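Let's walk through this model together, one local feature at a time. Keep the viewer open as you read.

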Amino acid sequence: MATVDDVRRLALALPRTEEHLIRDRVKFRIGRIVYLALSRDETELGFAFPKEERAALIAAEPAKFFLPRASDLRFHWAEARLAALGPEELAELVTEAWRMVVPAKVARAHLDGPPPGAPAPPPAPTLARLHRAAEVFNGFAGVDRSWLALRAETGALDLSLAEHRGALHRWLNSWGCRIRYPREGEPDAFGAGLADWWERHHTLPGAPLAALGPREISRLAKAYAELAAVPVGRRTLGPTAASKALYALRPASVMPWDAAIADRLYGVRDGDAFARHLRTGGIWARAVLAEAGGLHEAALCAWLGRPEVSLAKVLDEYLYVTITHGGRTAQAAGG
């Protein structure tokens with residue numbers, strides 16, 4: 001028997017979905033378009049459905065499906081008795097309702113995976129693979145110098161403070177982001193855009209990556225997409241700098257990426273792909289923590305040889321070593 005929790009779990013796992021309470025009814029929507037709605041007593045589920053196919057659906061199983069109220073008959077909509085739906089049937093209804101209201105590209109990216117011929121993703125990290133990647137990463141010169149300097153200068157970043165925004169600007173540029181510094185007398189486009197973004201997102205989730213739920217991931221992905229679009233002069237901040245900035249703000253929660261990682265794993269670098277990235281990271285984090293026998297995250301990072309960073313960053317470093325650095329090594333060798 002399907003439950004309200006099943007509906008919520010399925011819906012919030014789908015890109016761009018937001019949950020809202022509207023006139024005492026729980027609804028799930030993309031932007032302003034509702035595709036799922038529970039009745040006030042949460043026994044019935046309304047869902048987006050082609051109206052030309054509605055009569056056949058109801059005729060086939062009248063004990064399970066029924067017409068919406070008269071004022072909603074003009075919409076692509078149908079209703080179901082939640083308790084009559086099985087888990088697999090509910091999953092299909094939710095997914096197909098969502099597919100009706102998102103762009104086809106978004107649906108394909110989420111449901112179909114990488115395009116044909118795309119390189120296979122790296123294998124899921126084990127403790128042994130993470131340990132090997134950490135050894136490679138530790139071999140890079142000054143690997144943690146700029147990160148430790150940022151933490152020493154700011155502690156926990158607070159982007160309402162101009163000096164913290166300036167510190168973040170310098171840190172991002174130390175990682176090759178090339179965000180232009182304002183000349184004397186010029187307005188600070190980066191600082192102004194960041195301050196405006198921070199007013200909307202200063203309550204971002206900060207739980208460890210392994211503990212993030214669908215709502216937290218959705219909030220982080222939305223914040224990432226808006227941050228990537230922050231103007232910094234003639235261009236926007238962009239996806240790589242946005243992911244690194246978000247990591248600097250929430251180092252326990254965010255597994256950042258660079259262009260090579262995002263393109264290899266997802267083919268795009270938008271907010272939906274970033275949500276998928278965090279979901280993947282959460283699965284990986286829970287798996288390696290379980291393999292470590294319940295070892296605390298900080299102790300695990302120390303055991304791996306990376307005591308100054310979070311498990312989210314260790315997982316990013318694994319991807320960097322296997323995809324970004326591995327690709328450059330192959331090119332240099334003529335591969």
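Start at Arg23, which sits in the loop between β1 (17–22) and β2 (25–30); helices (H or I, at least four residues) and strands (E, at least two) are DSSP runs, numbered from the N terminus. Arg23 isn't a glycine, yet its phi is positive, about 55°. Most residues other than glycine have a negative phi. At 71% relative accessibility, Arg23 counts as exposed (over 50% relative accessible area; buried is under 20%, partly exposed in between, with a 1.4 Å probe and protein chains only).

A quick word on the ground rules: this is a predicted model, where local features need pLDDT of at least 70 and side-chain atom pairs count only at pLDDT 80 or more, while totals for chains, interfaces and linings use all residues. Residues are numbered from 1 along each chain as its sequence is written, and side-chain values use heavy atoms, leaving out hydrogens and water.

Arg178 also has a positive phi, near 55°. Look for Arg178 in the loop between α7 (162–174) and α8 (189–201); Arg178 is exposed, at 69% relative accessible area.

Now for the rings. There are 13 aromatic pairs, meaning Phe, Tyr or Trp (six-membered) rings with centres within 6.5 Å; planes under 30 degrees apart are stacked, over 60 edge-to-face, and the rest tilted. Trp284 and Tyr318 have ring centres 6.2 Å apart and planes at 85°, so they pair edge-to-face. Trp284 belongs to α12 (residues 271–291) and Tyr318 to α14 (residues 311–332), so the pair ties together parts 34 residues apart in sequence. Both Trp284 and Tyr318 are buried.
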